[in-house]
Amino acid sequence: MTEVTASERVSLGTDPDVPLLAVENLRVSFGGHEVVRGISFTAHPGRCLAIVGESGSGKSVTARTLVGLTGSGAHVRADRIELDGIDLTTQSERTWRAIRGRDIGFVLQDALGSLDQLRRVGDEVAEPLRVHGWGTRASRSRKAIELLGSMGVPEPAVKARQRPYELSGGLRQRALIASAIALDPKLIVADEPTTALDVTVQAQVLDLLAEAKAHGTSIILISHDLSVVARLADEVAVMRDGEVVEHGPVHQVLRRPRHAYTQALLDAIPSEHTRGTRLSRGGNVPQRSRRPVDRGRPVLEARHLTKVYRGPDRVDRTVVDDVSFELFGGETLGIVGESGSGKTTTARIALSLLAPTSGEVLLHGESWSTLPPRRRRPLRKRIGVVYQDPLNSFDPRWSVGRITIDALTMGNRPPSSRAEARERAVRLLEQVGLGDQHFDAAPLRLSGGQRQRVAIARALAPEPEVIVCDEPVSALDVSIQAQVLDLLTDLQDELGVSYLFISHDLGVIHHMSDRILVMKDGQVVESGTADDVFRRPQHPYTQRLLTALPRLVPA
């Protein structure tokens, strides 16, 4: 199959003064419930429009509508949705398949759910090339490896031969972005494109998108990370309950917001300046006095953990290399590092979901990682976990209520009746920003942020002594993130629970952590108190992480 030349593609506009995409009075409803209510905006060549707002505000539904993926149950109405003179409201699914990938690139939020787990990563990246007739099988394979390398994927030729489930969350997200830009589309709709990425790779992705923008690509960015928005966007539209409540140049909206809701979003952003305050109150209300950390015997201790994997090229790779740490009662130990640094593998070993090649984990001074499964099972309620990808950790047949009640029955105080079980489950859901109206909902019907809140409620249900938090707020908008972080802090103060807290968001880590481990290539390269690591970093890698951190103040 031969390559499609540039002249054979639909010619898209490049005049920056003429909108490439125009949307007027867009309305989207599901079952009579309107979730997008009469919004209008334009996207121009060489410019980025960011759409921000809480989970359920309608921003992701808007993004999916722009690529014809709203869903069969959706009712879409608009006075105008036009892409360079093409009326998108009247297109058939066959025409949409020709447009997607070639003229509009789409980056989804859920990388694991978007990539076929049975196909090699290289084949997934090359899929748009194959669908649109680009090159031969061999040239598509080379192009896929090149695209993975451009996204900062280490050993791209090796990763191209692996399956998505064998990669970290950040590496999967990079593969998804590589697939979206494979055909150099003139419009990129990016729904949370940097959610799972650490700051250095996030910086690479933002530089790549900025470079595409400089060459005339139009970008619509859906994001809850206002620092990312500040770095890339020219305009910002703030959505709430399906409506745009504020819209303007990025420097105006982020520096001088006119709407109270926008100001609340800005106030909820965690950073070094918010330590000791309640984020959900705008960072101005102090938290109550912290319960002192119990520096006696560690509740969880890792001793010289090492984990070696054999790759598809039959070469052994050490992904965790002699990692040791102590976690004390009532303490939060943060772990940061790039995707592939070994931080999630370390967490899985700490949970005894993965056996170390060497080393051991102790729980309250007693063997944990070396226990046989039969003896370990009754003790599992002592360690809770919040996974990075909530949807794939749920039984898809279960409702939110059943998921929560099941976790309650595994705890120290199982419910004695069905009524008590429902009451306690609803109370847990309310603690994480949901409620009774979500009890019978299927997780698939929830937004990404709502699913993450269900995962946190499930982890809290057995009243554990330690909770391993693997990117627990990565899918949440800043206001709900603020509520959840305040909730985790309150629970720590009340119960003395300890957190092993993994996040690529350095602002979250600094706000939450007492001590921090910085990991690179499977090793701990720096450790210390949160203030020492952030304000007086000693290792060049830590310094590089902090340099790559996007700032809220726009250029």
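**Note on the predicted model**

1. Cys48 counts as buried at 1% relative accessibility (buried: under 20% relative accessible area; exposed: over 50%; partly exposed in between; 1.4 Å probe, protein chains only). Cys469 is buried too, with a relative accessible area of 1%. The structure holds 0 disulfides (pairs of cysteine sulfur atoms within 2.5 Å).

2. On the basis: this is a predicted model, where local features need pLDDT of at least 70 and side-chain atom pairs count only at pLDDT 80 or more, while totals for chains, interfaces and linings use all residues. Residues are numbered from 1 along each chain as its sequence is written, and side-chain values use heavy atoms, with hydrogens and water left out.

3. An open sheet has 6 strands in the order 19-20-21-16-22-23, with mixed pairing. Strands (E, at least two residues) and helices (H or I, at least four) are DSSP runs numbered from the N terminus; two strands pair if DSSP finds at least two bridges between them. Strand 19 (383–386) and strand 23 (523–529) stand at the edges, each with a single partner strand, so one side of each lacks a neighbour in the sheet.

4. Strand 16 (residues 332–337) pairs with strand 22 (residues 515–520) in the parallel sense, over 5 bridges. Gly334 has Ile516 of strand 22 as its bridge partner.

5. Pro270 sits in the loop between helix 11 (260–267) and strand 12 (277–278). Pro270 is buried, at 7% relative accessible area. Not counting residues up to four places away in sequence, Pro270 touches Leu279, Gln481, Leu485, Gly507, Val508 and His511 (contact: heavy atoms within 4.5 Å). The C-alpha atoms of Pro270 and Leu506 are separated by 8.9 Å, yet the residues are 236 apart along the chain.
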